[in-house]
Amino acid sequence: MSLQDDLTAVRRCLDDLVRTVGQLERSLAQLQENESRPLLAGRADDLVTITDTPYNTALWTDSDDEGLGVRDRRAP
């Protein structure tokens, strides 16, 4: 290869590098723009209020104790 061929290859690589850095800068700007927007999942109208009052114990009748099996039988 001649010196001219080497310089042409270096210019081509430099142009590719400049183009790639430009794409990265645009992607970063777009990412920062998206992060500045509020998330839709955290909207107040999607939230459900859970009261502190105790649940009705009848809800748990005939339920299994998690990991222990049915109440009237021995655990394995």
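Predicted model: local features only at pLDDT ≥ 70, side-chain atom pairs only at ≥ 80, totals over all residues.
Residues are numbered from 1 along each chain as its sequence is written, and side-chain values use heavy atoms, leaving out hydrogens and water.

What does Arg 19 pair with? Its side chain meets that of Asp 16 in a salt bridge, 2.3 Å from N to O (a Lys or Arg side-chain nitrogen within 4 Å of an Asp or Glu carboxyl oxygen). Searching the whole structure turns up one salt bridge. Both partners lie in helix α1, three residues apart, or about one turn of the helix.

Here is how some residues sit:

| Residue | Relative accessible area | Class |
|---|---|---|
| Asp 16 | 35% | partly exposed |
| Leu 59 | 56% | exposed |

Leu 59 belongs to the segment after α1 (3-36). Together with Val 48, Ile 50, Tyr 55 and Trp 60, Leu 59 makes a nonpolar surface patch of about 650 Å². Patch members have over 30% relative accessible area and no salt bridge, with nonpolar side chains joined within 5 Å and like charges within 9 Å.

As for the whole protein, there is one helix and zero strands, as DSSP runs of H or I (at least four residues) and E (at least two).

Terms used. Areas by Shrake-Rupley, 256 points an atom, 1.4 Å probe, with all protein chains shown as cover. Buried < 20%, exposed > 50% of the residue type's maximum accessible area, 1.4 Å probe, protein only.
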